[in-house]
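Work through the exercises below with the sequence and the coordinates at hand. Each task is followed by a solution in steps.

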Amino acid sequence: MVTAQSQPQSKETEQYNVIGTRPIRHDGVDKVTGAAQYGADLNLPGMLAGRVLRSPHAHARIVSIDTSKAEALDGVKAVITNADFPRAADAEIDTGEGTANLRWVLDNVIASDKVLYKGHAIAAVAATDHHIAEDALELIEVEYEVLSPVLDVRDAMVDGSPLLHDSLHTRELDGSTSDNASNTASHLQFTKGDIEEGFAEADVVIEREFETSMAHQGYIEPHNGTAYWRADGTLDVWTSTQGAFVVRDSVAPLLQLSPSQVKVTPMEIGGGFGGKIPVYLEPLAALLSQKTGRPVKLTMNREEVLLATGPTSGTYMRVRMGAKNDGTITAGEVHLAFEAGAYPGSPVGAGAMCSLAPYDIPNQKIDGYDVVVNKPKTAAYRAPGAPQAEFATESVLNELAEQLGHDPLEMRLKNASVEGNTTAAGMPFGVIGNVECMTAAQESPHWQSELEGPNRGRGVAQGFWFNIGFESSAYAQVNGDGTVPLVLGSTDIGGTRASIAMQLAETLGISSDDVHPHVVDTNSVGYTQVTGGSRTTFAGGWAAYECAMDIRKQMEQRAAQIWECDADDVAYGDDAIVRGPADEDGNERQFSFKELAGQLATSGGHIVGRADVNKTSSGPAFATHIVDVEVDPDTGKVDILRYTAVQDAGTAIHPAYVEGQMQGGVAQGVGMALNEEYFYDDSGDLKNASLLDYRMPTALDLPMIEPIIVEVPNPGHPYGVRGVGEVPIVPPAPAVRAAIANAIGVHMTELPMSPRAILDATVLDES
Amino acid sequence: MQAVKYARAESVAEAVRLLQEGGDGARPLAGGTDVIVQARERTRDIDLFVDIKHIPEVVDIRHGADGSLTIGAATPCYQIYGDATIAERFPILVDSTSLIGGTAIQGRASLGGNLCNSSPAADGIPSLIVLEAQVEIAGPNGRRTVAVEDFCTAPGRNVLGSGEFVVSLSFPAPAAGSGARFLRFIPRNEMDIAVTNAATQIRLNGDGSVAWARVAIGAVAPTPLLVSEAADALVGQPLSEDSIAAAASASRAAANPIDDMRGSVRQRVHLAGVLTERTIRHAAERAA
Amino acid sequence: MATEHIVVNCTINGESQTFLANERDSLLEALRDRIGLTGAKEGCNNGNCGACCVNMDGRIVNSCLVMAGECEGSEIRTVEGLAMGDQLTPLQNAFLEQAALQCGICTPGFLVAAEALLEQNPDPSEHEIRYWLAGNLCRCTGYDKIIKAVQQAAGQSVV
Amino acid sequence: MVTVLVPQSLRTLTDGEAVLTAEGHNLRAVIRDLAPRYPELAERLVNGDRIGRGLSLAINGDVVSTGLITKVPEGAEISIVPQISGG
């Protein structure tokens with residue numbers, strides 16, 4: 001069994017005292033003792049429990065809703081439907097990292113005239129007890145006019161297929177729209193060079209079609225939302241979210257409140273992976289609270305999570321690539337059709353831009369289509385769009401290498417994107433670790449080892465993801481004992497209190513244990529974007545750095561005041577010693593951080609540092625994964641024997657949590673590769689809406705996952721940080737596909753590559 | 001959760017009385033790993049749980065002097081696979097009970113519950129069938145015994161009448177030279193419902209020929225199936241590639257599965273053959 | 001659909017408790033909603049994720065699959081009962097040192113389950129650990145560091 | 001001078017031109033400079049005080065988050081890309 005390589009390979013981190021070490025996370029004790037308060041753990045005096053009635057149909061017109069019997073049930077305090085909400089404006093709101101149409105946001109929270117997927121919310125109930133609220137749901141009478149559902153992305157694109165939205169027209173990137181209404185919400189295209197010329201130059205051309213299923217983020221904590229609409233018209237919301245400010249900025253316009261009337265407190269969050277950026281329950285809880293005058297807590301059960309919260313897109317993809325005999329890739333053509341779910345907004349744009357990004361291919365043509373279908377509205381899921389698109393392109397690249405007889409890593413190196421190259425989308429690369437990851441993979445013990453035994457195979461794949469920057473805030477005060485409470489707006493989803501506090505500690509030259517990070521509500525810290533997009537350690541860390549520099553400057557000024565000298569003559573050293581000019585007797589004057597902290601109160605008052613940063617230089621992320629599998633040819637089952645994940649982290653602030661992101665991404669990617677799928681019947685009923693039948697990997701399904709951290713510092717960050725969270729979900733599926741092909745000679749064309757699919761492609765193949 | 005009451009029975013007679021009084025909405029509660037979910041998700045009308053776990057004979061393991069075995073219907077899986085004598089004489093029961101659910105499920109789930117839930121894919125039932133288990137049922141008219149292969153009648157349905165519940169399962173002593181094995185196929189390595197499962201018990205003569213055999217397959221029909229044609233293909237001759245292939249073919253012929261999210265018809269039929277073959281080989285190894 | 005309440009007497013984390021539960025409550029609901037012990041989490045409410053794992057009479061169970069009424073006379077131990085004051089158990093310390101949690105929602109269930117494993121098998125193999133914990137889903141870590149934390153708590157060398 | 005890289009989907013607004021040059025100290029100024037020559041593109045790139053709907057602008061490969069007032073260094077390459085969101 002492989003064991004973890006626990007230290008980063010680069011020597012870069014030796015220049016730091018705190019960065020690169022592995023302290024115990026600040027919120028750790030609370031999380032191993034059960035004391036940490038997650039959203040569903042909240043219990044307020046007088047609180048009511050809510051439940052949501054959901055559509056049994058995938059596509060239907062709502063003829064009538066009668067809530068009177070439910071309202072009459074003893075213990076029921078309020079029942080609401082879409083009609084109880086203020087009419088949503090046809091306006092765009094900021095939903096985290098993008099925008100969304102407010103009317104569609106409201107319709108997804110609670111259906112108006114039509115239900116567009118099984119599980120679409122129709123009504124919500126608040127009662128004295130959740131058992132009663134559940135009973136009340138059975139008393140709500142809804143009359144539907146059932147419509148034909150559209151469940152397949154290619155079917156949905158055909159003229160004459162049932163339309164989800166009569167007003168939806170295909171929008172091109174240039175702003176033009178189609179004459180006829182369509183389920184295709186948008187189309188985009190990127191080109192580079194001359195694609196036909198590129199194929200003409202090729203000695204070998206391979207074209208493959210792929211289909212992938214919707215897959216869910218699968219966080220273990222279901223969604224929840226608690227609201228208390230106070231008599232003074234202000235609204236308190238407590239919820240498990242990746243972005244408290246996004247919840248505020250979604251809830252306020254839906255209820256026609258000012259952001260200043262809404263305070264959102266982010267509770268501890270039990271996983272998100274992108275799926276806890278949209279609002280689902282919070283607006284319902286708020287309106288129920290307004291109606292009842294009491295706090296209302298809404299929670300989803302697992303079935304609701306799978307039915308009605310954002311999975312990632314199912315897709316149809318077609319890729320054609322050509323290469324010369326020497327391995328030079330001359331052309332790449334990519335066609336991506338992504339299911340958006342019930343409302344526009346699949347991650348096809350990002351998928352399109354990622355699809356060929358790791359390679360400098362002179363001739364490219366990439367088309368992407370965003371298509372609505374009668375399935376839940378997709379949400380972001382770890383490197384949204386990239387796992388699908390790069391599954392297709394990496395798979396074809398692996399087949400090209402196989403056909404040409406090239407080592408797949410050598411062929412990648414020959415074509416790798418490097419600094420100065422520009423993608424088909426017109427994005428130039430700065431300093432990136434693409435080649436460094438490939439090289440580290442080549443040098444890894446795994447790649448150097450021999451794989452023996454029947455039905456075993458090895459595969460490799462590359463992954464790329466942009467990473468994003470955006471706005472983060474930090475406040476910190478200096479206490480008299482030299483400890484520093486640090487106030488953050490970023491939900492801590494996987495150790496970011498620690499990774500941000502460590503950057504503050506590094507900058508101040510103090511121990512990370514002396515920094516006490518706290519995640520606070522939207523009234524208590526400056527605007528902070530979502531914990532997502534691999535941005536939190538990057539942007540939060542930058543805010544902490546600037547916050548610490550602010551403190552350093554103020555401490556220099558304070559020392560100067562105490563020493564009665566010019567502040568320009570005082571310097572805060574990286575060793576946390578504040579040095580001034582020699583006194584009249586020629587004695588050196590200096591304060592340690594703690595000494596000066598102890599004098600603040602009596603020398604003019606305390607010091608507060610603050611920063612609000614809005615950075616763009618997030619630094620792209622690359623990863624190279626190697627996997628060994630064994631396939632049981634009689635059952636089609638694939639076992640993962642060995643796994644190595646190489647990734648450029650820029651600088652690994654807390655290497656253990658960087659490794660954890662890599663290993664967790666691999667686990668999700670392997671799940672997507674082998675077993676995770678949304679299984680619908682023809683009526684649009686999701687047949688596997690449970691954690692029994694939506695098969696995420698268990699501890700018994702994975703080996704140890706060996707992480708190799710590469711550090712190519714991001715020049716756009718004071719400590720060289722690149723985001724690490726998302727890219728590790730990208731390479732697993734194509735790497736596993738290549739390993740299966742290497743083991744049994746069959747190239748799969750769908751995800752998941754389940755035992756059923758593998759049997760269908762092998763012993764049960766009737767073609 | 002439906003409005004369901006909880007009652008604890010201290011004796012078989014009390015359980016029968018509570019179940020009878022409770023009518024159609026009353027259900028025995030053993031490990032609860034299926035029935036609590038059904039009540040919560042309102043997939044079955046239940047308004048009373050009669051907890052039978054405090055009745056001694058329903059939760060114990062008794063080894064007869066003749067090598068026979070009786071297991072109380074509500075005895076949790078972990079006690080069954082943790083019993084050294086069962087592990088030695090009835091290892092196929094360890095096969096089944098150690099892969100029902102995860103560790104926490106095995107702390108509660110029971111073979112009796114698995115049987116009474118009467119799922120076509122139950123991982124306990126094929127093993128019970130090839131071991132020729134007898135089901136002891138208590139009810140308003142006293143006790144009766146049913147052969148386990150006759151117990152299930154349809155998905156989720158069985159021969160239990162009003163006021164009846166399963167007290168225990170009895171197994172004859174395994175004959176010398178016999179061995180048995182249960183296998184299932186699932187996409188993950190744990191925590192799944194069988195796509196298909198199979199069990200074989202086989203008895204070998206001194207000359208290596210098959211004296212007796214019993215093969216059962218699950219998740220390929222409305223109830224777990226005893227496939228006598230598969231056994232017939234083995235008995236009276238030494239085990240050979242041909243006889244094993246014939247038995248596997250018999251299982252494929254007997255399989256009449258459905259397409260659902262857990263498996264396709266073609267996949268299940270194919271797996272019925274694969275698992276029949278594998279359980280025969282493993283059972284023979286245990287017999288030797 | 002009337003809701004009735006029942007009185008349950010049991011021992012929770014070493015203290016005898018008498019509490020009023022809704023007759024429909026599971027042990028998980030009773031712990032969280034009636035007693036205020038929110039360490040056990042609801043992840044799936046049908047026994048497939050292990051986030052609600054507690055120890056009942058010496059065995060781990062999914063508390064979502066136990067009716068509150070069944071707990072009469074039983075001994076329950078939850079994640080809140082592992083540490084003695086601020087003295088964490090070796091397993092809890094190992095989870096922190098090995099960074100075996102990210103979001104932390106599955107952690108209480110893993111801790112309760114792994115403590116029970118180590119009680120009955122103080123020196124488990126990697127396979128035994130993975131098998132025992134297969135009913136506890138973690139979506140963040142890929143399990144690697146969780147397995148290592150259990151190995152560390154078992155006194156095994158962890159690379 | 002800065003360079004503006006126009007993706008295929010937007011070349012309908014630039015008479016097929018893929019690479020444009022312009023002057024300007026920030027994104028708004030660059031777009032103003034383009035407006036007389038490429039009015040449709042300029043219109044598409046701006047939505048009131050914001051960058052046009054569904055689009056992002058990147059300067060030297062970094063997607064900007066500070067809107068139209070973001071400074072543009074001399075010699076920079078500006079890319080026009082669809083909005084990207086992370087998980």
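**Exercise 1: the contact between chains C and A**

The contact takes 49 residues from chain C and 48 residues from chain A. The model is a predicted one. Find which elements of chain C give two or more residues to the side that touches chain A, and sort that side by class.

Solution. 
- Step 1. Four helices qualify in chain C: α2 (90-97), α3 (107-120), α4 (126-132) and α5 (144-153).
- Step 2. Of the elements, α2(C) gives the most to this side, with four residues.
- Step 3. By class, the side of chain C that touches chain A holds 24 nonpolar, 15 polar and ten charged residues.

**Exercise 2: the contact between chains A and D**

State how many residues of chain A and of chain D are in contact, and describe the side of chain A that touches chain D.

Solution. 
- Step 1. On chain A, 43 residues are in contact with 27 residues of chain D.
- Step 2. At least two residues each come from β11 (184-192), α10 (348-355) and β23 (470-477) of chain A.
- Step 3. β11(A) gives the most to this side, with four residues.
- Step 4. The class count for the side of chain A that touches chain D is 18 nonpolar, 17 polar and eight charged residues.

**Exercise 3: the fold of chain D**

Give the order of elements in chain D and test its radius of gyration against the globule rule.

Solution. 
- Step 1. Chain D has two helices and seven strands, which run β-β-α-α-β-β-β-β-β from the N terminus on.
- Step 2. For 87 residues the globule rule gives 12 Å, and the radius of gyration of chain D is 12 Å, so chain D is as compact as a globular protein of that length.
- Step 3. Along the principal axes, the C-alpha atoms of chain D fill a box of roughly 35 × 25 × 25 Å.
- Step 4. Of the 87 residues in chain D, 47% are buried.
- Step 5. Among contacts in chain D with a separation of 6 or more, 46% join residues 24 or more positions apart.

**Exercise 4: the largest nonpolar core**

Identify the residues with the most contacts inside the largest nonpolar core.

Solution. 
- Step 1. The core has 439 residues, and those with the most contacts inside it are A:Leu284, A:Leu504, A:Val736 and C:Ala113.
- Step 2. Helix α16 (residues 536-563) of chain A brings the largest share of this core, eleven residues.
- Step 3. Beyond its neighbours within four places in sequence, A:Leu284 is in contact with residues including A:Gly50, A:Val52, A:Ile80 and A:Leu298.

Key: Residues are numbered from 1 along each chain as its sequence is written. Chains are lettered from A and ligands numbered from 1 in the order in which they are written. This is a predicted model: local features need pLDDT of at least 70, side-chain atom pairs count only at pLDDT 80 or more; totals for chains, interfaces and linings use all residues. The radius of gyration is taken over C-alpha atoms; the globule rule is 2.2 Å times the number of residues to the power 0.38. A residue is buried if 20 or more other C-beta atoms lie within 10 Å of its own, exposed if 12 or fewer, and partly exposed in between; C-beta atoms are placed from the backbone. Two residues are in contact if their C-beta atoms, placed from the backbone, lie within 7 Å. Ala, Val, Leu, Ile, Met, Phe, Trp, Tyr, Cys and Pro count as nonpolar, Asp, Glu, Lys and Arg as charged, and the others, Gly among them, as polar. A nonpolar core is a set of buried Ala, Val, Leu, Ile, Met, Phe, Trp, Tyr and Cys residues joined through C-beta atoms within 7 Å.
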